[in-house]
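Please read them with the coordinates open.

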Amino acid sequence: MNIRSMARTIFLCLIVCAAWVPLAAAQTQTGTVEGKVIDQQGAVLPGVNVTLTGPRGSQTTVSDADGTFRFVGVAPATYTLKAELTGFLSESQPDVVVSLGKTVTAEFALRVGGVTETVEVTAASTVDVKSSATHTNISNEMLQLTPIYSSTSTGLLNYAPGINNSSAYGAQASYGNALLMDGVDTRDPQGGSAWTFFNQNLIEEIQVGGLGAPAEYGGFTGGIINTVTKSGGNAFTGLFSIRYTNDSLASNNISESMLDENPALGEAAVTKKLADYTVQMGGPLKKDKAFFFASIQRYEATTDPTGPIATSQDISPRFNTKFTLQPSSNDTLVLGMQYDSYNVTGRQGYPGSKSTDQQTVTEDAPEWVWNAQWRKVMGTSTFLEAKFTGYTGYYYLDPVDPSPFTYDALTDEYTGGGGGLEYEDRSRNQVQASLTRYADAFGRHALKFGAEIERSHVGTQYEPYGPAGFYIYAYGGVPYYRISYGYTFHGDNKRFTAYAQDQWSAGRLTMNLGLRLDRIRGYSPDLKKTVYTPDLAWGPRIGVAYDLTGKGSSVLRSFYGRYYEGTATQFWISATPGIEDYVQTPLNPNGSVAGPPEVVTPGFMYGISDDIGHPRTDEFNVAWENQLTRTGRLTVTGIWRKTGDFINNVINGSQWRPVTLTNSLTNTTYTGYNWANRSTTDQDFFIRNVEGYQYVDTAGNVIGTADPRRNYKALMILFDSAFRRRIGYQLSYVLAKAEGNVDNTGFGNWLGGVQWGSPNTALINSFGELTNSRRHEMKFNVEYNIPKVDVMLGGVYTALSGRPFTPLQRYTTSQLNLPLNSRKEIFLEPRGSQRNDFFHNLDVRAEKLFRVQNHRFGVYADMANLFNTGTVTTRQGRVPNTTISGHTVLYKAPTGVQTARQITFGGRWSF
Amino acid sequence: MTVRTRSWCGRMIRAATLVAVAALIPLPAAASDTATTPSPPTIKKSVEKIGVRDAAAKPATTAVARDDRQGSSAGASPGFFKTKPGIIALAVMGAGVGYALYSAQNDRIHSPGKK
């Protein structure tokens with residue numbers, strides 16, 4: 001095939017993709033091993049038998065006329081690679097680690113000798129000199145040997161450099177990350193946060209990516225966490241693990257001075273009881289052909305969280321099974337299933353962190369997750385993957401006290417009941433297919449084409465004030481109104497994706513070219529209409545990688561790409577019916593009804609633009625990756641990101657009258673804005689890309705123009721070394737800044753809120769450093785085995801700049817003429833003008849090992865926050881004060897403190 | 001609010017999509033296999049020929065795990081579950097599964113909304 005026909009093929013594929021307005025992604029769950037065989041004089045050796053042996057048997061290929069060989073569709077694991085040729089000494093490379101989506105390059109230089117002799121040589125390079133992507137791996141060793149624990153993908157993300165509080169590389173924290181487990185997108189289709197919970201002991205490997213991501217990855221503007229779970233192999237394996245702690249093993253790190261400032265802090269959050277066990281086994285059903293893996297966990301945690309709630313309990317049994325079938329050496333079929341139920345008591349109710357035990361809710365949340373995959377290798381040049389994945393589940397929150405609560409606006413306190421009622425139903429189904437083809441024409445090409453279809457459903461019923469449907473609004477202890485509100489929504493995300501990518505290598509240079517097209521739609525089952533119709537999302541990916549040494553040990557990379565957010569009904573759900581009237585009924589001081597109900601804000605549907613762009617991020621990065629030791633590598637990455645096409649609601653036709661407001665921080669005045677024509681425009685909320693929207697006064701003069709921005713720049717230095725012999729470690733430093741006027745915390749901070757509806761929040765002090773902007777970040781994870789005594793030491797140290805925060809002041813309804821239930825806070829200083837304290841934390845694990853043949857027994861102790869430091873993590877931002885649990889808490893007083901020291905004991909038996 | 005509801009258009013797109021998917025998948029298959037280029041000159045031509053001949057005599061793909069470093073252990077024996085560790089493992093597994101099943105039944109919170 002010549003270059004012209006190759007180019008035509010690629011072009012046609014891209015055109016076809018484009019013409020067919022799409023969606024989807026088939027994220028790689030395998031890697032590639034390739035290499036070359038030469039003799040001692042450097043001459044290529046064709047006809048060499050090369051065998052790759054792993055946990056599920058061996059596969060063999062023969063080097064071609066160029067002496068090259070390739071294994072495609074290789075499941076992540078550690079393999080042994082062996083080259084054999086009559087008349088030569090056989091060579092073996094152990095510890096060839098295959099990771100997700102990576103190409104491992106190996107080279108053999110055979111010496112003349114007898115074929116029965118085998119020489120063991122250094123393993124293949126750990127640097128992928130062809131990829132333009134920068135990854136961080138969280139290995140199984142790191143998960144098992146250090147005191148890392150999380151039952152969600154987002155929790156594990158935070159152990160990677162550049163990611164904190166789930167905000168990856170400056171992006172939005174709650175929905176900006178693609179959370180993949182064995183290719184299953186585990187996100188909530190409403191807001192994109194983690195939906196499914198898993199057993200950490202299931203994990204074989206985690207790859208954290210998102211920098212320089214190829215076209216097969218999409219649906220993110222932050223990071224990608226790609227998790228591969230364990231599978232059965234030819235050997236029977238087992239893990240029996242238990243962890244336990246209680247409140248007698250906990251410390252308190254709340255100082256007297258903190259309590260003086262905020263008595264509501266009480267004692268630190270304490271784990272009163274944790275009892276968590278896992279039993280799992282895997283092995284062959286038929287050698288080399290069929291394998292099973294089963295894992296069962298029961299997780300029980302009882303905590304005393306910070307704040308008024310005394311007890312919160314979570315009991316979660318989790319069941320996982322996986323069958324791996326290899327009907328032929330070229331076919332792999334994987335069938336996986338998970339069932340778990342999340343049973344919680346003591347979850348915060350409507351008052352949030354102010355909730356008392358009486359104001360908590362119970363949670364009933366079971367789910368089923370499924371995963372069927374077929375991988376077919378055709379020769380040495382073609383690889384097909386097809387998947388059907390998804391989940392279904394719900395969480396239903398019911399209040400322990402269904403009676404209505406009273407909210408006192410003077411003290412900002414809640415009394416009485418207060419647990420809201422919330423019923424959330426979800427399902428997600430995805431079909432993916434991809435074809436990888438290796439070909440030669442002016443270099444080597446690894447072409448990949450794929451398509452994906454997603455259908456996800458959201459059902460939401462929310463009665464925030466509980467089953468009674470209302471609460472009492474009081475001021476200074478005197479009841480004024482009975483207020484009722486709620487909503488019920490249904491929405492379906494529909495996505496079709498197509499992508500094409502080519503890894504084109506010529507000599508030391510590799511071009512990584514790709515294009516991803518996402519067609520996203522939001523469908524309302526109630527309206528039987530498609531209401532969200534963003535433009536076709538074009539995501540180009542252009543990367544270059546240059547092998548600096550020609551030996552596969554050092555690479556320079558550069559990349560430009562555009563990523564789009566995943567689907568989320570939150571973007572458009574307000575444009576569907578379901579919002580109830582916001583009604584207030586006047587009350588007498590004795591609580592009796594004083595008059596007829598008044599509809600303050602009628603339930604209405606927002607309008608939505610039909611010329612709307614799905615939110616996106618442009619990324620440019622430059623990276624240098626260099627192998628320093630046999631297993632260690634240094635990676636230096638410069639990152640620039642810019643996010644655009646923000647979606648929010650504005651109020652069409654609204655006019656704003658300048659008013660003089662007092663800044664209580666400086667005791668000066670400034671100009672704010674009062675909604676002048678609220679009575680005639682209060683149903684004109686409109687969802688759109690807010691950029692360019694103009695705020696006008698009553699004379700039609702422009703007050704200002706919406707200019708939503710979120711930018712991120714960082715320098716990331718990572719040195720990591722996979723666990724080998726006695727030690728493994730990962731050390732990183734990140735210098736970063738995230739700034740703009742669209743925050744990178746939760747969804748509600750910019751979507752569904754009124755930030756861009758009002759000039760007060762859109763224009764006044766809105767630009768600055770974002771909440772998840774950590775100027776300096778250092779993370780150090782290490783695992784070390786002390787010889788002779790056979791004790792494993794694991795440690796995780798984190799040092800972070802504190803999160804920025806901004807003083808704000810709440811104004812009255814009459815000052816701003818905004819509805820009772822809308823946000824009336826205005827920043828008093830530029831966003832992010834204040835910063836919380838620098839944060840340090842050290843968690844350690846010590847484990848004594850006992851080995852009997854291939855059985856390993858361990859008993860360990862984890863010490864979270866070893867030095868029991870008590871860094872203030874959040875401070876009260878409202879000026880001059882607010883009320884928490886009846887206490888007046890001043891501006892800047894601590895409201896959150898680092899988790900205190902907790903010792904957890906554990907034991908396990910593995911083989 | 002503006003909503004686009006061109007159902008015929010949707011059907012067209014779906015049909016076009018189906019055609020496109022069907023067309024797309026085989027396209028890369030049209031790419032050639034690794035090109036066969038003349039072997040670079042080597043100093044061991046004769047040895048190569050022997051090697052190629054020997055290799056050709058073997059099956060292209062085999063499942064013989066000569067190096068069983070990752071593929072076997074004491075637990076790899078088919079009779080593993082008849083050994084003492086195997087029996088203990090099964091017993092622990094059974095106890096863990098049993099209690100988790102019990103928990104799934106007894107610790108389950110049932111929302112009134114699902115009744």
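1. Confidence. This is a predicted model. Chain A has a mean pLDDT of 89, with 94% of its residues at 70 or more. Residues 5-26 of chain A are an exception, with pLDDT below 50, although this stretch has 76 contacts in the model beyond near neighbours in sequence. Residues 748-752 of chain A also stay under 50, and for them the model has 14 contacts beyond four places in sequence. Where pLDDT is low, the predicted coordinates should not be read in detail.

2. Chain B. The secondary structure here is three helices and zero strands, so the element order from the N terminus is simply α-α-α. Of the 115 residues in chain B, 17% are buried.

3. The five-strand sheet in chain A. The strand order is β9-β14-β15-β12-β13, in an open sheet with mixed pairing. β9 (134-139) and β13 (184-185) are the edge strands, each pairing on one side only. Inside the sheet, β14 (residues 203-211) and β15 (residues 224-229) run antiparallel and are joined by six bridges. One of the bridge pairs links I203(A) to T229(A) in β15(A).

4. The main nonpolar core. The largest core has 72 residues, and those touching the most other members are I138(A), L157(A), Y169(A), L180(A), I224(A), I225(A) and A714(A). Strand β25 (residues 421-440) of chain A gives the most to this core, with six residues. Another core, of 31 residues, lies apart from it, and F571(A), W572(A), F686(A) and Y695(A) are among its members. In soluble globular proteins, nonpolar side chains tend to be buried together.

5. Contacts of L157(A). Which residues does L157(A) touch, not counting those up to four places away in sequence? They are I163(A), S166(A), A168(A), N177(A), V208(A), G223(A) and I225(A). Of these, I225(A) is also listed among the core residues that touch the most other members.

6. A160(A). This residue sits in the loop between α3 (153-157) and β10 (163-164) of chain A. Is A160(A) buried or exposed? A160(A) counts as buried because it has 24 C-beta neighbours inside 10 Å, and the cut-off for a buried residue is 20 or more. Leaving aside neighbours within four places in sequence, A160(A) is in contact with T136(A), I138(A) and V208(A). The C-alpha atom of A160(A) is separated by 32 Å from that of N689(A), a residue 529 places away along the chain.

7. Positive phi values. N165(A), in the loop between β10 and β11 (167-168) of chain A, has a positive phi of about 50 degrees although it is not a glycine. Y169(A), in the loop between β11 and β12 (178-181) of chain A, also has a positive phi, near 50 degrees. Most residues other than glycine have a negative phi, and most peptide bonds are trans.

8. A cis peptide bond. The bond from V879(A) to P880(A) is cis, with omega near 0 degrees. P880(A) has its place in the loop between β56 (872-875) and β57 (881-884) of chain A.

Conventions. Residues are numbered from 1 along each chain as its sequence is written. Chains are lettered from A and ligands numbered from 1 in the order in which they are written. This is a predicted model: local features need pLDDT of at least 70, side-chain atom pairs count only at pLDDT 80 or more; totals for chains, interfaces and linings use all residues. Helices (H or I, at least four residues) and strands (E, at least two) are DSSP runs, numbered from the N terminus. A residue is buried if 20 or more other C-beta atoms lie within 10 Å of its own, exposed if 12 or fewer, and partly exposed in between; C-beta atoms are placed from the backbone. Two residues are in contact if their C-beta atoms, placed from the backbone, lie within 7 Å. pLDDT is the predictor's confidence in each residue, from 0 to 100. A nonpolar core is a set of buried Ala, Val, Leu, Ile, Met, Phe, Trp, Tyr and Cys residues joined through C-beta atoms within 7 Å. Two strands pair if DSSP finds at least two bridges between them.
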